[in-house]
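Please look over the sequence and the structure shown here before reading on. The paragraphs below then lead through the model step by step.

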Protein chains: 2
Amino acid sequence: MGKVQADVCVVGAGFAGLAAARRLVQAGHEVVVLEARDRVGGRVWNRELPDGTVVSAGGTWLGKGQDRMFQLCRELGLAVYPQYEQGDHLLRLDGVNHRYRGAFPVMGPGTLFALGLAFSRLHLMARSLPADAPWRARSARAWDARTLGQWLSDPLNVPSAAARTLLRSTMHLLFCADPAEVSLLGALTLARGGGGFGYYTDSRRTESHLVDGGAPELARRMAEQLGERVHLSSPVQRIAHDGTGVRIASASLTVRARRVIVATPPLLAGRISFDPPLSTAASHLLQRVVPGSIIRVHTVYPRPFWRALGLSGQTLAPRSPVPITIDQTPQSGEPGVLSSYAFSTGALRMGRLDPAERREVWLAALAERFGAQARRPSQYLETDWSSQQWSLGGMIGHFPTGTLTNYGSALREPVGRIHWASTESATLMHGLMEGAVRSGERAAQEVLTALSSGRHVAVLHERSA
Amino acid sequence: MGKVQADVCVVGAGFAGLAAARRLVQAGHEVVVLEARDRVGGRVWNRELPDGTVVSAGGTWLGKGQDRMFQLCRELGLAVYPQYEQGDHLLRLDGVNHRYRGAFPVMGPGTLFALGLAFSRLHLMARSLPADAPWRARSARAWDARTLGQWLSDPLNVPSAAARTLLRSTMHLLFCADPAEVSLLGALTLARGGGGFGYYTDSRRTESHLVDGGAPELARRMAEQLGERVHLSSPVQRIAHDGTGVRIASASLTVRARRVIVATPPLLAGRISFDPPLSTAASHLLQRVVPGSIIRVHTVYPRPFWRALGLSGQTLAPRSPVPITIDQTPQSGEPGVLSSYAFSTGALRMGRLDPAERREVWLAALAERFGAQARRPSQYLETDWSSQQWSLGGMIGHFPTGTLTNYGSALREPVGRIHWASTESATLMHGLMEGAVRSGERAAQEVLTALSSGRHVAVLHERSA
């Protein structure tokens, strides 16, 4: 087993870890990155189909306000291109396809009013949260003792049955979990970091651009610059720390460092053995921030045939096992790539089918919206994030009730020489790639401050010696 | 690394695993038990103090209806003795100690009425649940979308502020977690298995007896009978299973078996790597059943001096950092042993203090109730279950909102050759040692049925061949 020394060890080479390592290297520090998987990117992943088509199967889109991601693309020479938004979107309800344009499907004024009312109520509540300490809000305890699901099902909050169905479906999508699993305070904390739920639920804002070559190519280039500092297939098992330093033991390599940044999803961080053990608040927080369920399927066709039918590829079918589709055709316009999803309870149901049956159900759902052509893709690729050992679910971890108010203060608080990064710990764009990058840079900044004040102390000691 | 063959491998030598192994051995099967710790008993643990006094630091008491535990004590030659119940209990409120007898402290008729009303409402709701499938109850979705904490804080449910405080404190104790973390359906599921919350909250019913030598001595004797079948310090890392058998890999030993019973707390079961991966429902269930926080302190005195003061040793101080104490003096009457607890948010607060400070605060809390003598124990022993690697918290795992309705069906459902046991999966006496034993025996029965039907099939094959 190899042993190396470094100023800082970063655990995890997703966007949070890569961004942290990049910043530390830029500041002149020796950095070692330990990654459990055999690739970088974490929940951002390019997969290659048998025919050579490469598809981004995790975090994929960039949008408004995601300044750090756009900046990184520029710095690393990656072009971005706008999401295909021409033609009509489809809403499938009660066996009928309705075409529409813009953010919201065709709906009556009552539904629209109820949706507007619910969004503005949620927005007002979210705005009242301190971004870096939502657990300190005046109503924090009350909101953390109730679920988003219960809030949404109350006609006083959403005074229209159609709006309740639509909102519920949207929240299933956003958290990849039953809204009954999500704390109202936890949901508002997510909304707070994007300036309101409207940000997350409007694909024109969150999903306006794609990275040429896929967002995972950005991770690959960041890792390329870090070079041999990045060690793949090195899951970290143990972190021992004391006043003099920290020792990070992985299957292949042990790193001795002055500081460590743990940049994995919280649930995985909680499976590392810490010596001395973490405080109860920290360990119980990491246990509780659990991911939802998501299965994503890429179907490939010679051309994006739906475009010729005047369709954008974006569809919404709340009661379908595949409630969402979106066009993910590369910038060149060929081949046609459709990305479709099952979330939450739908993903659980789909997960119970055997593979052949699941493919059959899946393609039938696409054919209902796009016609018989959709049923005969040249390629079909499933990505079930729950079966990924180093993700355990997707897209992000959510906060169950009682978590933020009881354990939230441990979310970013360093423990001795251990610092924390992950999109779940971001105060801005929480849950997105942008949040991951920001959390990594925030953790790097903490470490830089600690190391320089350490140096300062060392200098003082030398002077007094 | 050793390799062995067995009919059945049992993972975990707590009461669930030991009871399962015992039953399988009695039925004539080859069994191997793999236990992560260097001792058996799991969350039932005898600790020895420097002066030689042995104290039970985990599951300790037996009570009404716990037939299997009493039966096992008889079978293994262990006496039980009644909990010391003479003298007055103490309720400390607003700086004043009130003496009382019976289940409920002194309280006004309004408080009593409100408590009675709340308990009977909870009882009615619990009774409406199918014991083996609470997620199928008519109101399951609605109850699983709200928290116990929210229910308790509603004056319509508990129409007295004093009763709300008392109930809230009781539930903190029962789940070792903020009731805001616990699903109402999850809480009712616990109540269902004991015939109502009244069972769990009345110490005269759940804590009427102690085992002479401690309940852990029962586990030790069960393990003794299993002999070399039990392998300590063998944490299981991986379970691979297919149509032909199952391979269980621990740090020290690999077992090849026809069936495996995973008899660990759910959260620990979820950290085993399964090949093929578990279904999303099963893996997400195991992620979500998280334990609370509990610190238990044993203080030892030459004699149980409180008895001479006319006190039972049982005290309740809802606002104290140490809200509960109970007499745990051995049957011989000497030395005097007091067991005291911090739970939930209180345990988090106590966990943040340094050890000397914590001891100071703890003993001051005891002295407020028992006088200056309590401040000078001859022995002081802390057990913080959250820092125990193979427990991760205590006393039991609870169900957060949305867990039972979305993933509950995976709670006992075998996955191929994998069967599940744990007190959390018990339908009767869930959360108690009794529940653990019953869950282990239920899993053993599943395995016996599977093995004998397997034999039956083999016989049929021979005949037709």
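In which loop of chain A is the place of P335(A)? P335(A) is in the loop between β20 (324-327) and β21 (336-343) of chain A; here helices (H or I, at least four residues) and strands (E, at least two) are DSSP runs, numbered from the N terminus. The model is a predicted one, in which local features need pLDDT of at least 70, side-chain atom pairs count only at pLDDT 80 or more, and totals for chains, interfaces and linings use all residues. Residues are numbered from 1 along each chain as its sequence is written, chains are lettered from A and ligands numbered from 1 in the order in which they are written, and side-chain values use heavy atoms, with hydrogens and water left out.

Most residues other than glycine have a negative phi, and most peptide bonds are trans. The peptide bond from E334(A) to P335(A), however, is cis, with omega near -10°. In chain B, a cis peptide bond also joins G394(B) and M395(B), with omega about -15°, and M395(B) is found in strand β21 (residues 394-398) of that chain. C176(B) is not a glycine, yet has a positive phi of about 55°; this residue lies in the loop between α6 (161-175) and α7 (184-194) of chain B.

The strands of chain A come next. Strands of a sheet pair through backbone hydrogen bonds, either parallel or antiparallel; two strands are taken as paired if DSSP finds at least two bridges between them. Five strands of chain A make an open sheet with parallel pairing, in the order β11-β3-β2-β15-β24. At its edges stand β11 (230-231) and β24 (418-420), each with a single partner strand, so one side of each is left without a neighbour in the sheet. The partner of β24(A) is β15 (residues 259-262), and three bridges link these two in the parallel sense; I261(A) stands opposite H419(A) there.

Elsewhere in chain A, β12 (residues 236-242) and β13 (residues 245-250) pair in the antiparallel sense over six bridges. These two strands form a hairpin with two residues between them, and I239(A) has I248(A) as its bridge partner. β12(A) also pairs with β16 (residues 273-275), in the parallel sense and over three bridges, where R238(A) stands opposite S273(A).

How do the two chains meet? Contact (heavy atoms within 4.5 Å) joins 37 residues of chain B to 37 residues of chain A. Together the chains bury about 3000 Å², 46% of it on carbon and sulfur atoms; buried area is the accessible area (1.4 Å probe) that two parts lose on being put together, summed over both. Four salt bridges cross the interface, a salt bridge being a side-chain nitrogen of Lys or Arg within 4 Å of a carboxyl oxygen of Asp or Glu. The side chains of R288(B) and E181(A) meet in a salt bridge at 2.9 Å, N to O. α12(B) gives the most to the side of chain B that touches chain A, with five residues.

Two copies of a chain are related by a rotation about an axis and a shift along it. Here a rotation of 180° with 0.0 Å of shift along its axis superposes chain B on chain A (RMSD 0.0 Å), by least squares on the C-alpha atoms of residues with pLDDT of at least 70 in both. That is the relation of a two-fold axis. The C-alpha of chain B nearest the axis is that of R146(B), 2.9 Å from it. Of the interface residues of chain B, 100% are also interface residues in chain A, so the copies meet through the same surface.
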